[in-house]
Amino acid sequence: MCRYYRRVLALLMVSIIIISLSIIPTLATEVHTYKFMKFVRLKVPAVYMSEEGIMYGVSTEFVVGIGWPGEGTTYFSAEPLTQIDMQAASRIAVMIASTYAGVPLNTYDYFIKVKSKSEVVGGPSGSGITATAFLALLTNTEILPNVSMTGMIEPDGTIGPVGGITEKLRAMAKEGIKVFLIPKGQSIVKEFKKYVENKTVGNTVIITEKIIPVKVNVTELGRKLGVKV
C-alpha cells in the first residue's frame, strides 16, 4: 500500500513540474518592455498639520515619467502612504495632459512617484504641476528648475483652489524656487497663526493660546521671500 501511494505522489509531482514548465513561457510573453522612457524630477509644495492645529509647509519630491509603447495605464507610488484623492487627481492630470498634447491616452504608460517628509501624502493640490510635467514630457518641453506651483487640476483643464498657500510658498522659498504659481483668485488668503495672550488676575498670570485667522497678501509675502508669485 505504501508503494502505491509513493507512486501516486511521484506522478503528482511530475505532473506539477510539467504544468509549471508549460506555464512559464506563457507568463514570460506577457512581460511588457518599453522601447522609450523619460522622466522629470520636480519639487512640489505640500503641507502637514501639527498636533496644535498649525499648518506647516514641506517640500515634496515628484518623479513623473512616461513609457512607450503603453496602454494608458497610470502607475502611482508614494512614500509614505497616500490618500485616494491624490491618486484620482493624478489620473485626471494624465488625461488632461494627453488631451492638451494631442496624444492618444493609450500611446504611453504614465508613472508618478512621490516622496514626502509628511506622515501621509494626500490631497489633489499637486495635480496641477503633475499635469504640467506630463504635458512637458509629451511635447518635449523643458521645465525650468526654479519654478514651482500649487493647484488642483480640474476635469476641464482649469486650476482649482487649494489650501495652505502661504505655508507652501515658504517651503518653496527655502528650496530656492524663484517663481511660484498659484490658482487665480487666491492672492489674498487666510493663514492661521498661534496667538499667546497673557492676562493678570490679581497675583495670577493666565496664559491662553489661541489659533486666529490672519489675512495675508501672497504676492507681497513672496516679494519678501525673494519669490515672484
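1. A residue is called buried here when its relative accessible area is under 20%, exposed when over 50%, and partly exposed in between. The model is predicted. By that cut-off α3 is mostly covered, with 10 of its 13 residues buried. Those buried in α3 are S127, G128, I129, T130, A131, A133, F134, A136, L137 and L138.

2. The geometry of α3 is as expected for its length: from first C-alpha to last, its 13 residues reach 18 Å, close to the 18 Å expected at 1.5 Å a residue. Just after α3, N140 has a positive phi of about 55 degrees.

3. The largest nonpolar core has 20 residues, and the members that touch the most others are L42, F62, V64, I66, Y110 and F134. At least two residues of this core come from each of β1, β2, α2 (84-101), β4 (109-121) and α3 (127-139). The helix α3 gives the most, with 5 residues.

4. Apart from neighbours within four places in sequence, F134 is in contact with V64, G65, I66, V94, A97, Y110, F111 and I112. A second, separate core has 11 residues, including I165, V189, V216 and L221.

5. There are 4 aromatic pairs in the structure. In one of them, Y75 and F111 are stacked, with 5.2 Å from centre to centre and 15 degrees between the planes. Y75 lies in strand β3 (residues 74-82) and F111 in strand β4, so this pair ties together parts 36 residues apart in sequence. Y75 is partly exposed at 40% relative accessibility, whereas F111 is buried at 17%.

6. Why is the pair of Y110 and F134 edge-to-face? The ring centres of Y110 and F134 are 5.5 Å apart and the planes are at 85 degrees, so the pair is classed as edge-to-face. Y110 belongs to strand β4 and F134 to helix α3, so the pair ties together parts 24 residues apart in sequence. Y110 is buried, at 0% relative accessibility. Separately, Y34, F39, Y75 and F111 make up one aromatic cluster.

7. The count of salt bridges is 3. In one, the closest N and O atoms of R41 and E61 are 3.2 Å apart. This pair links distant parts of the chain, with R41 in strand β1 (residues 36-49) and E61 in strand β2 (residues 55-68), 20 residues apart. R41 is exposed at 56% relative accessibility, while E61 is partly exposed at 32%.

8. K43 and E175 also meet in a salt bridge, at 3.3 Å from N to O. K43 lies in strand β1 and E175 in the loop between α4 (165-174) and β8 (179-181), so the pair ties together parts 132 residues apart in sequence. K43 has a relative accessible area of 40% and is partly exposed; E175 is partly exposed too, at 32%.

9. For the salt bridge between R170 and E191, the closest N and O atoms are 2.4 Å apart. With R170 in helix α4 and E191 in strand β9 (residues 188-201), the pair ties together parts that are 21 residues apart in sequence. Is E191 buried or exposed? E191 is buried, at 4% relative accessibility, whereas R170 is partly exposed at 29%.

How values were computed
Residues numbered from 1 in each chain as written. Predicted model: local features only at pLDDT ≥ 70, side-chain atom pairs only at ≥ 80, totals over all residues. Heavy atoms only, no water. Salt bridge = Lys/Arg side-chain N within 4 Å of Asp/Glu carboxyl O. Helix = DSSP H or I, 4+ residues; strand = E, 2+ residues; numbered from the N terminus. Buried < 20%, exposed > 50% of the residue type's maximum accessible area, 1.4 Å probe, protein only. Core = buried A, V, L, I, M, F, W, Y, C linked by side-chain atoms within 4.5 Å. Contact = heavy atoms within 4.5 Å. Expected span 1.5 Å × (residues − 1). Phe/Tyr/Trp six-rings, centres within 6.5 Å; stacked < 30°, edge-to-face > 60°.
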